Amino acid sequence: MSTDKITFLMNWHATPYHAPVYLAQKLWYFQDEGIKVALLEPNDPSDVTEIIGSGKIDMGFKAMIHTLAAKARNFPVTSIGSLLDEPFTGVVYLKDSGITTDFRSLKGKKIGYVGEFGKIQIDELTKYYGMKPTDYEAVRCGMNVSKAIIEGSIHAGIGLENVQMVELEEWLAGQGRPRSDVQMLRIDELAELGCCCFCSILYIANDKFMAENPDKIRKFMKAVKRATDYVLASPSEAYEVYIDIKPEMASPVNRKIYERSYAYFSKDLKNVQRDWEKVAKYGKRLGVLDADFVPNHTNEFLTWKLEGDSADPTGDQKRMLALQQDVANKGGFQRLDVKVVA
């Protein structure tokens with residue numbers, strides 16, 4: 001049975017940083033654009049690009065590295081915009097795990113990962129530190145890395161600064177332990193990438209749907225841009241509306257995840273060309289992309305004036321680290337003042 005609704009699949013169950021799409025639904029922004037949208041959640045985050053690529057679902061969220069890899073595997077998907085720009089991503093661990101800032105301390109440890117590319121990333125890093133992939137035990141945890149660390153089934157796992165680190169910080173606080181006992185070995189630093197853009201969260205679309213429905217996609221993106229503007233202008237108010245939609249967002253952990261995600265929200269939703277070039281090069285280094293692979297992204301559906309590129313992306317990363325630490329310590333909502341190329 002066909003439907004005129006756009007089907008949109010999250011990259012996991014509803015999380016605080018999904019606020020813009022749920023707000024666009026709740027506040028009738030989609031209706032104002034004359035479109036209907038069904039928001040869906042997957043059972044397994046690893047299925048998202050395959051489901052969208054197969055044409056069973058029209059659009060969704062996925063990280064940049066997975067979007068590139070999906071295209072390389074002949075799943076026809078394209079990034080049509082950005083939700084989160086460069087969230088810090090790495091191997092998250094607790095101080096009492098025996099892991100240190102030296103990557104080689106992972107030897108003999110159980111390391112959790114979400115999907116296969118997390119394992120590929122860690123495997124690739126071992127050769128730079130005098131190790132072999134067999135020197136650690138990989139454990140597939142899906143999105144349950146924090147739970148696995150707490151239960152002791154893994155020593156560390158790949159996670160985001162604005163999600164898994166927050167979950168672990170709040171668990172530690174509940175145990176009367178310092179939140180600072182949560183640490184991260186950042187993959188961008190270990191691999192000398194110069195950015196965390198491989199884990200930027202994107203709006204992606206099935207290529208056939210995109211070709212046949214350009215106006216629908218423009219209207220969808222206009223509605224979520226309007227919702228993003230609302231989140232950025234009035235974060236506390238917007239989150240209370242989100243809680244009305246998803247009551248589980250009212251938990252202290254989810255509120256903190258939202259605060260820590262605020263700085264990462266893309267203001268103009270654009271795909272950053274420089275980031276795509278870096279991640280495509282990284283994907284080729286990992287062996288998941290062929291040498292002649294052309295990145296699959298477009299900004300053609302973003303009908304507003306786009307921001308200029310950062311004039312100092314490396315410096316911005318350093319400033320973002322300090323800003324996020326301040327938010328972790330004090331709470332609240334902060335954004336980085338980015339100077340753009342003239």
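This is a predicted model: local features need pLDDT of at least 70, side-chain atom pairs count only at pLDDT 80 or more; totals for chains, interfaces and linings use all residues.

Residues are numbered from 1 along each chain as its sequence is written, and side-chain values use heavy atoms, with hydrogens and water left out.

Let us begin with the record. An unreviewed UniProt entry places the feature "domain: SsuA/THI5-like" at residues 16-238; such annotations may be inferred rather than shown by experiment. Over residues 16-238 the chain is 40% helix and 21% strand. Helices (H or I, at least four residues) and strands (E, at least two) are DSSP runs, numbered from the N terminus. The end C-alpha atoms of this stretch are 11 Å apart.

Now to the helices. Two packed helices are described by the angle between their axes and the distance between the axes. Axes are lines fitted to C-alpha atoms over the stretch in contact, with angles from 0 to 180 degrees between N-to-C directions.

How do helix 4 and helix 13 cross? The axes of helix 4 (residues 64-72) and helix 13 come within 10 Å and cross at roughly 60°. That makes helix 4 oblique to helix 13, since angles under 35 degrees count as roughly parallel, over 145 as roughly antiparallel, 65 to 115 as roughly perpendicular and the rest as oblique. The contact (heavy atoms within 4.5 Å) includes M64 and L68 of helix 4 and W276 and V279 of helix 13.

Helix 13 (residues 273-286) also meets helix 5 (residues 116-126), with axes that come within 10 Å and cross at roughly 70°. Helix 5 and helix 13 are therefore roughly perpendicular to each other. I120, Q121 and E124 of helix 5 touch Y282, R285 and L286 of helix 13.

Elsewhere, helix 7 (residues 164-174) and helix 12 (residues 252-262) have axes that come within 9 Å and cross at roughly 140°, so helix 7 is oblique to helix 12. Among the residues in this contact are E167 of helix 7 and R260 of helix 12.

Lastly, the aromatic rings. Rings of Phe, Tyr and Trp (its six-membered ring) pair if their centres lie within 6.5 Å; planes under 30 degrees apart count as stacked, over 60 as edge-to-face and the rest as tilted. By this rule there are 14 aromatic pairs. The rings of F8 and F61 have centres 4.8 Å apart and planes at 85°, so the pair is edge-to-face. F8 lies in strand 1 (residues 6-9) and F61 in strand 3 (residues 59-63), 53 residues apart.
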